[in-house]
Amino acid sequence: MRPEFFVVLHKELKEAMRDRRALVVLLLFVVMYPVMLWSILHNLIDKAGKTERESVELVVIGGAQVPTLVTRLTQRNVTVNQRGDMSDSAITDLLKERKQVAVVKVTDQFTDNYNEMRPAKIELWYDSAAEQQNKLNRIEAILRGYNESIAGARLLAHGVSPATLAPIQIEQFDTATSSSRSAGFAGALLGMFFATAFFFCINAAMDSTAGERERRSLELLMAQPVRPFDLLAGKWMAAALVSVLGLTLELLVAHFILKWMPLEELGMSWRLSLPSMLMVIAVSIPLCLFAAAFEIALAMNAKSFKEAQTMMSFAILLPMLPVIVVPMLDLNTATWMYALPVLANKTLLLEVAKGQAIGLLPFVLTAGVPLLGAALAIGFATWRIKSERYVLGV
Amino acid sequence: MILVDEVRKRFGQVQALAGVNFTLADGQTTALLGPNGAGKTTLLRLLVGLLQRDHGAITIDGVDPAQEPLKARRSIGFLTDQVGLYERLSTREHLAYFGQLHGMDAAAIKRRTDDVVGMLAMEDIIDRRAKEFSQGQRLKVALARALLHKPRHLLLDEPTRGLDVMSTRALRRALDTLRQDGCCILLATHVMQEVTHLCDDVIVIAKGKTVAQGSPQQLCERTGIASLEDAFVSLVGTEEGIAI
C-alpha cells in the first residue's frame with residue numbers, strides 16, 4: 001500500500017500536468033528570464049564590438065588655428081571634420097543628429113591670446129543626453145593632453161622642468177578579474193531567477209487548496225480516512241515538485257546561454273561548470289519546498305481561486321524584496337545574506353561562479369533556512385485545517 | 001450500528017444541536033428528516049469526526065469518531081451536500097483516488113469500480129473527464145465514490161437530487177441491495193416519497209433536537225395523520241413552531 005501523502009501527491013501532480021494554461025505559464029517563465037539575460041548580454045557585446053571599430057566623429061571649427069591639436073586628434077583615431085564658423089543653434093541641431101560626438105570651437109581670438117600667453121579659449125559643445133560619455137571622455141582626455149603639452153613646452157622655455165606640473169603621478173590598476181566582474185553584473189538578473197521558485201508553484205498551490213474549496217470538494221476529502229497532515233503534505237510536495245522542475249529547467253537554460261555567448265568580448269566569462277551549477281540547483285530545492293509550503297498555507301485560507309490570486313500577488317512580492325533592496329544598498333557579501341531565502345541562492349550562485357572556496361556554512365544556511373520556513377508553514381497549515389472554524393468554512 | 005446519545009454542539013451563540021438521540025440498526029435504511037437549519041449537516045460532520053461534540057456520545061460499530069476519526073471513517077461512505085469533482089480527472093480516476101485513500105489495492109479498486117458502475121448505470125461516463133458533467137452525472141460519481149470501499153455505514157445527504165427517473169431507480173435498487181447486505185444507511189432527505197419507498201425507520205429533528213423516531217407507520221399513528229408529509233409538518237410545527 002502506498003503512503004497516503006503519496007496518493008495525494010500523485011493525483012495533484014496528474015491534475016497539474018493536465019492544466020494546459022498553467023503549463024504554458026510555466027514554460028513562459030522557464031524561457032522568459034534566460035531570454036532577457038541573453039538579449040541584454042547580446043546588446044552589451046554588440047556595443048563593445050562597435051566602440052572598437054568605430055572612430056569618434058568630431059567637428060572642429062577654426063581648426064586652422066590649432067594644427068597640433070588636429071594632428072593629435074587624428075592620431076588617436078578621431079575623425080576630424082573641419083568646418084567654417086557655425087551659429088549656436090546650428091551647432092545644437094548638428095549635435096541632435098547624434099552622429100557627431102561633440103563640436104570643438106576654437107574662438108577667433110585664440111591665436112592672439114595664445115601668442116600673448118593669456119588663457120586661449122576652446123569651446124567644447126556636446127549633448128549629454130546622447131549617452132556617448134565614453135567617447136566624450138576620450139575627446140576631453142586629448143584636449144587635456146594638448147593643454148598639458150603646451151604648458152610643459154612653455155615651462156621648459158623658462159628653464160623649469162615640466163615635471164613640476166605633475167608632482168603626483170597616478171597609475172591605475174583594475175583588480176577585478178574577468179570572472180568576478182561578470183559576477184557583479186549578472187547578479188542583478190540572477191536574483192530574479194530564483195524568485196521564480198515562487199511563481200512556478202503558484203497555480204498548483206492555489207488549485208489544490210483554494211480551488212478545492214471553490215469546487216466544494218474539500219469537505220469530502222477531509223472526511224476521508226487520511227490524516228490532515230498527509231493531505232497537506234501531498235499537496236505541498238506536488239506544488240514543490242512543479243517548482244523544482246521549472247527552476248531546474250530555467251537555470252539550465254540560463255547556464256547554457258551564458259556558456260555559449262562570447263562573453264570574452266565584454267572581458268567577462270562564465271566559468272561555472274555544469275556539476276557546480278547542478279549543485280547550486282540542488283541547494284535551491286529547499287527554496288522550492290518553502291515557496292510551495294508558504295503559498296499553500298496562504299491559499300488554503302482563500303475561499304475561491306480569485307481570492308487566492310489576490311493574496312498571492314502580494315505574497316510573491318515578499319521573496320523579491322531582498323533581491324531588489326539589498327543590491328541597492330551596495331553591500332559586500334556577508335554571511336547574513338545566506339539566511340534570506342532567494343537572496344541566499346543568488347549570493348551562493350555568484351560566489352560559486354567566482355570560483356572561490358566559501359566553506360560549508362553558506363550551503364547549510366541557504367538550504368536550512370527555507371527548510372525551517374517550510375516546516376513552519378506546513379505546521380501552521382496543519383493546525384489551521386484541523387481547527388473547527390476552518391471545517392465550518394469549507 | 002450507529003449510536004447517538006444526547007449529543008450537543010454549540011457554535012458561539014448558536015446551539016446547533018441541543019440533544020440528539022437515536023440508534024441506527026444494521027440492515028436498515030433510516031431517514032433523517034428536518035427542516036433547513038435543523039442541524040443535519042452538523043450532525044453528519046460529527047459522525048465523520050470533522051467536528052468535535054460538546055456533550056454526549058457517538059459510536060460507530062463501537063468506534064468514537066472524535067477519538068479515532070480515521071478508523072471510524074474507514075467504515076463510512078459519505079455523500080455530502082457538496083459534490084465537487086476534479087474537472088481534469090475522469091470518473092475512473094476519481095474512483096481510483098478515493099479507493100487509494102481508503103487503502104484499497106489496484107485489483108480491489110478495479111473490481112469495485114466495475115461493481116459500482118454497474119450498480120449506478122454509469123458506463124457512459126466512466127472514462128470521461130468530469131469537466132462537462134451534468135448535475136446528475138456529478139452526483140452519480142459522488143455516490144460511486146461513497147460506495148466504492150463497501151462501507152458498513154452510509155451517510156447520504158440528499159442522494160437523489162438532480163437524478164433522472166432511471167438513475168433514481170438504479171440508486172434505490174443499489175441501496176436496497178446494500179441494506180440486504182447488512183449495511184447501515186442514514187438518508188437525509190426532503191423527499192417524502194423516498195422515505196416511504198426506502199426507509200424502515202425515520203428520525204425527525206428540529207431545532208437541534210430529536211423530535212421523534214419510528215417507522216413511517218408509527219409516526220403517522222402517533223400524530224393521528226394519514227400522510228407522512230403532514231405528520232412530519234405536525235411533528236416539527238406543533239412542537240417547535242417552524243413551518244416549512
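1. In this predicted model, helix α13 (residues 274-299) of chain A and helix α16 (residues 343-353) of chain A have axes that come within 10 Å and cross at roughly 165°. Angles over 145 degrees count as roughly antiparallel, so α13(A) and α16(A) are roughly antiparallel to each other. Their crossing is right-handed.

2. On the α13(A) side, the contact is made by S276(A), M277(A), V280(A), V283(A), S284(A) and L287(A). On the α16(A) side, N345(A), L348(A), L349(A) and V352(A) take part. By class, this contact of α13(A) with α16(A) has seven nonpolar residues, three polar ones and no charged ones.

3. The axes of helix α3 (residues 91-101) of chain B and helix α5 (residues 135-147) of chain B come within 9 Å and cross at roughly 30°. Angles under 35 degrees count as roughly parallel, and α3(B) and α5(B) are therefore roughly parallel to each other. The crossing of α3(B) and α5(B) is right-handed.

4. From α3(B), the residues in contact are T91(B), H94(B), L95(B) and F98(B); from α5(B), they are V141(B), A144(B) and R145(B). They divide into four nonpolar, two polar and one charged.

5. One lysine of chain A deserves a separate point. K235(A) lies in helix α12 (residues 228-260) of chain A. Is K235(A) buried or exposed? The relative accessible area of K235(A) is 3%, so the residue is buried, the cut-off for buried being under 20%.

6. The side chains of K235(A) and E212(A) are joined by a polar contact of 2.7 Å. Leaving aside residues up to four places away in sequence, K235(A) touches V8(A), E12(A), S208(A), E212(A), L221(A) and I296(A).

Methods: Residues are numbered from 1 along each chain as its sequence is written. Chains are lettered from A and ligands numbered from 1 in the order in which they are written. This is a predicted model: local features need pLDDT of at least 70, side-chain atom pairs count only at pLDDT 80 or more; totals for chains, interfaces and linings use all residues. Side-chain values use heavy atoms; hydrogens and water are left out. Axes are lines fitted to C-alpha atoms, for helices over the stretch in contact, and angles run from 0 to 180 degrees between N-to-C directions. Helices (H or I, at least four residues) and strands (E, at least two) are DSSP runs, numbered from the N terminus. Angles under 35 degrees count as roughly parallel, over 145 as roughly antiparallel, 65 to 115 as roughly perpendicular and the rest as oblique. A crossing is left-handed if the near helix is turned anticlockwise from the far one by less than a right angle, and right-handed if clockwise. Contact means heavy atoms within 4.5 Å. Ala, Val, Leu, Ile, Met, Phe, Trp, Tyr, Cys and Pro count as nonpolar, Asp, Glu, Lys and Arg as charged, and the others, Gly among them, as polar. Buried means under 20% relative accessible area, exposed over 50%, partly exposed in between (1.4 Å probe, protein chains only). A polar contact is a pair of N or O atoms within 3.5 Å; within protein, one must be able to donate a hydrogen and the other to accept it, and residues adjacent in sequence count only if both atoms are side-chain atoms.
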